[in-house]
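Reader: I would like to go through this structure step by step. Please show it, and then I will ask about its parts and contacts.

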Amino acid sequence: MPMYGDLGNKLVQHAKRTQNLAHLPPYQTELVRAVTREVRDLDRDVAALLEPFQGSFDPAEHQATACTLLVNHLSMRRNKRCLLAYHRTRTDKLEELVWNGTDILDMAGAQQAGGPGAVSAPDGAAGSSSLSPQEEDYFRQYGDLLAAYKGHWTDIDLTGSLEPPRDLFIDVRVLKDAGEIQTEYGAINLTKNSQFYVRQGDVERLIAQGYLQKLG
Amino acid sequence: MSYYDIDAILTDAEKIPCTFQLDVPDLGYLDNAPTQPLKAGTKVNLPLWLAEMLAIANTGDPEGRSFVTFDLPSALGNDVIQALKADPRAVPLRDQSPHFYGLATHMMDLVSEDKLPEVVRNTFVTRAAEVALHARKLGGVGSRGRTAAEEGSNLGFGGAGEEFLRGLDEWERKLFRKAHDGAKSGKEWMENIRKH
């Protein structure tokens, strides 16, 4: 027999799995909707239970009603915690992705190609993205915030690698057309399958984003 | 244990046996009978998040009765405790509860059981040493000619300790992963030093 809070628990189990994945599995639209619906139902029950008392409810006098109210209240509170924790787990992951410079569209593509998460949650968005529209907004705006923050320092890249480079210059191969980039030594046109000897600092982000591959 | 802690939330979903102390007409569904009233004396298994508050809430009852009373869950029952006293390493905690320690510490807050804290503490200390041992062994074996990715997923790695590792609860699993990663990073660092 399903009980209040069971659906919320499912959501948290999804969150638990998400913590151990490198990518973000599809957003559980249906489950989130079902849990919020449960909260609304419970709230309606509470209102109906309290209605006959006209605002003068004495718990000591009506213990059974007080007990039901408490169960309803706790169930709502539990659902709230499950919902918040689920979304927080995902936004934490989103922030991590922004800091790592991962391109979110790339990720959606990788998942369609058969990532483990794509199989485990077929009821999520069937489209290109595993994010809810709100999450996409969050991702974009957090990216903007980070860019604005990083803009304060022109001589240091906050999202750059923490590993000290062994060589200042490296060989890279272009995996995807990335257009023209400006470097201290002039412009380079990055067309697919070409190879360059460039300064590591200039292309670090392009490597992280998967446009370039480091050789050697 | 924060509000958003996923493991804390899952621990709160563990069920404990409760007995209702009063008739509640609207809660029959908790006992699989939505159309029947819930009678005083009915035993139901309730998740911690519900049971705890129902047990300690102020009911306004003149005799100070609470809505429900509860017992220790079977995971902390006498059989398990006796087995843990005999040899903590021989008990697959995961089969008792995936959040065994979380459940135990939570229950210790609620009941004053003299021997429980001592047994649980001893269990953790004994098993933690074993966990560390296995974690180091796997770290050592794994780094010879294996890629980092292969080493990353090492739970269920074959060998003598497999059965023991399968029985770890969530907290111990975390400990295992940390100990393993630590040993591996240490090794990598040493090798790096030698190279340069």
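Reader: Into which domains is chain B divided?
Author: The model is a predicted one. In it, chain B has two assigned parts. They are domain 1 (1–71) and domain 2 (78–196).

Reader: How much area do domain 1 and domain 2 of chain B bury between them?
Author: Contact involves 10 residues of domain 1 of chain B and 11 residues of domain 2 of chain B. Carbon and sulfur atoms carry 65% of the buried area. The total is about 960 Å².

Reader: Which residues of domain 1 of chain B lose the most area to domain 2 of chain B?
Author: Three residues together make up 45% of what the domain 1 side buries. They are B:Asp7, B:Glu14 and B:Phe70.

Reader: Which side chains meet in a salt bridge at 2.8 Å, with B:Asp7 as one partner?
Author: Between domain 1 and domain 2 of chain B, the count is one salt bridge. B:Asp7 pairs there with a lysine, at 2.8 Å from N to O. The side chains are those of B:Asp7 and B:Lys174.

Reader: Which helix gives the largest share of the domain 1 side that touches domain 2 of chain B?
Author: Helix 1 (6–11) and helix 2 (48–56) of chain B each supply at least two residues of that side. The largest share is three residues. It comes from helix 1 of chain B.

Reader: Now the two chains. How much area do chain B and chain A bury between them?
Author: 36 residues of chain B are in contact with 34 residues of chain A. Of the buried area, 69% is on carbon and sulfur atoms. The total is about 3000 Å².

Reader: Which residue of chain A forms a salt bridge with B:Asp7?
Author: The interface of chain B and chain A has three salt bridges. In the one with B:Asp7, the closest N and O atoms are 2.7 Å apart. The partner is A:Lys16.

Reader: Why does the pair of B:Asp12 and A:Arg81 join two chains?
Author: The closest N and O atoms of this salt bridge are 3.2 Å apart. B:Asp12 is buried, and A:Arg81 is buried too. B:Asp12 lies in the loop between helix 1 and strand 1 (15–20) of chain B, and A:Arg81 lies in helix 3 of chain A, so the pair joins two chains.

Reader: Is helix 3 of chain A largely enclosed or largely open?
Author: Its 38 residues should span 56 Å at 1.5 Å a residue, and the end C-alpha atoms are 55 Å apart, which agrees. Of those 38 residues, 27 are buried, so helix 3 of chain A is largely enclosed by the rest of the structure.

Reader: How many residues apart are B:Glu170 and B:Arg94?
Author: B:Glu170 forms a salt bridge with B:Arg94, with the closest N and O atoms 2.8 Å apart. B:Glu170 is in helix 9 of chain B, and B:Arg94 is in helix 4 (residues 93–96) of chain B. The separation is 76 residues.

Reader: Is B:Arg166 buried or partly exposed?
Author: The side chains of B:Arg166 and B:Asp95 meet in a salt bridge, 3.4 Å from N to O. The relative accessible area of B:Arg166 is 38%. That makes B:Arg166 partly exposed.

How values were computed. Residues numbered from 1 in each chain as written. Chains lettered and ligands numbered in written order. Predicted model: local features only at pLDDT ≥ 70, side-chain atom pairs only at ≥ 80, totals over all residues. Heavy atoms only, no water. Helix = DSSP H or I, 4+ residues; strand = E, 2+ residues; numbered from the N terminus. Expected span 1.5 Å × (residues − 1). Buried < 20%, exposed > 50% of the residue type's maximum accessible area, 1.4 Å probe, protein only. Domains from an automatic or database assignment. Contact = heavy atoms within 4.5 Å. Buried area = accessible area lost by both parts, 1.4 Å probe. Salt bridge = Lys/Arg side-chain N within 4 Å of Asp/Glu carboxyl O.
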